[in-house]
Amino acid sequence: MTEIPTKTPPRPPSDGYAQPWSGGDRAPLPRVGGEREVLTAFLDWHRATFEAKCSGIPPERLSEKGVAPSGLSLQGLLRHLSGVERWWFRMQFAGEDLPHLYYSDDDPDQDFEALDGDVEEAFAVWRAECERSREIVAGAPSLDATGVERLSGEPVSLRVILVKLIAEYARHNGHADLLRERIDGSTGF
């Protein structure tokens, strides 16, 4: 068996690489660990990244659709991510019988378009959905546990849901990067 060298390579100069986001309180990502630990840490890191991208902005600016022709705003992303958390963890995996957040068949885009209401309340809803998602994941016997994907009727494992949510947050954190930069010039990963 070949051993991996333990010598640490020299760090490249930081001025040639993207800089980390200076705001927010994000736990460092694990470099080793079990699958559940790593997946949940990455999802929580992406959640914290999204919250950091929204911090320090006057509430009325969170609904600005600043990257034309897109209709995206930070508040719209917040509402969308609340609904995604509920849909995947509570409704599909845990089988909870709940109404959709910010969605109806008659108005499927209300998460992004109906930006009325209290922004702090929208953050409270999102935080509550994230906390309930964490509880569901912690209570699951394994990542192989399944729920039922409502659109197909097929089983879907907790592992797949965690990966889907990491991808969802990563994609929308990229959108949040652009929106935040347009609002006040702040950048960072």
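Me: How many helices and strands are there in the protein chain?

Reply: Helices (H or I, at least four residues) and strands (E, at least two) are DSSP runs, numbered from the N terminus. The protein chain has five helices and two strands, and from the N terminus on the elements run α-α-α-α-β-β-α. This is a predicted model, in which local features need pLDDT of at least 70 and side-chain atom pairs count only at pLDDT 80 or more, while totals for chains, interfaces and linings use all residues. Residues are numbered from 1 along each chain as its sequence is written, and side-chain values use heavy atoms, with hydrogens and water left out.

Me: What percentage of the 189 residues in the protein chain is buried?

Reply: Buried means under 20% relative accessible area, exposed over 50%, and partly exposed in between (1.4 Å probe, protein chains only). In the protein chain, buried residues make up 38% of the 189 residues.

Me: How many salt bridges does a search of the whole structure find?

Reply: A salt bridge is a side-chain nitrogen of Lys or Arg within 4 Å of a carboxyl oxygen of Asp or Glu. The search of the whole structure finds 16 salt bridges. One of them joins Arg47 and Glu85, with the closest N and O atoms 2.8 Å apart. Arg47 lies in helix α1 (residues 35–54) and Glu85 in helix α2, so the pair ties together parts that are 38 residues apart in sequence. Arg47 is buried at a relative accessible area of 4%, and Glu85 is buried at 0%.

Me: Which residues meet Arg90 in salt bridges?

Reply: Arg90 meets Glu96 at 2.8 Å, N to O, and Glu129 at 3.1 Å, N to O. Because Arg90 lies in helix α2 and Glu129 in helix α4 (residues 119–139), the latter pair ties together parts that are 39 residues apart in sequence. Salt bridges that share partners join Arg86, Arg90, Glu96, Glu129, Arg132 and Glu135 into one network. Arg90 is buried, with a relative accessible area of 14%, and Glu96 counts as buried at 18% relative accessibility.

Me: Which residues gather in a patch of negative charge on the surface?

Reply: Patches are made of residues with over 30% relative accessible area and no salt bridge; like charges are joined within 9 Å, and nonpolar side chains (Val, Leu, Ile, Met, Phe, Trp, Tyr) within 5 Å. Lys and Arg count as positive and Asp and Glu as negative, whereas His and the chain ends are not counted. The place of a charge is taken as NZ of Lys, CZ of Arg, CG of Asp or CD of Glu. Accessible areas come from the Shrake-Rupley method with a 1.4 Å probe; for residues, only the protein chains shown count as cover. Here, Asp105, Asp106, Asp107, Asp109 and Glu113 gather in the negative patch. Asp109 is found in the loop between α2 (74–93) and α3 (110–113) and is partly exposed, with a relative accessible area of 39%.
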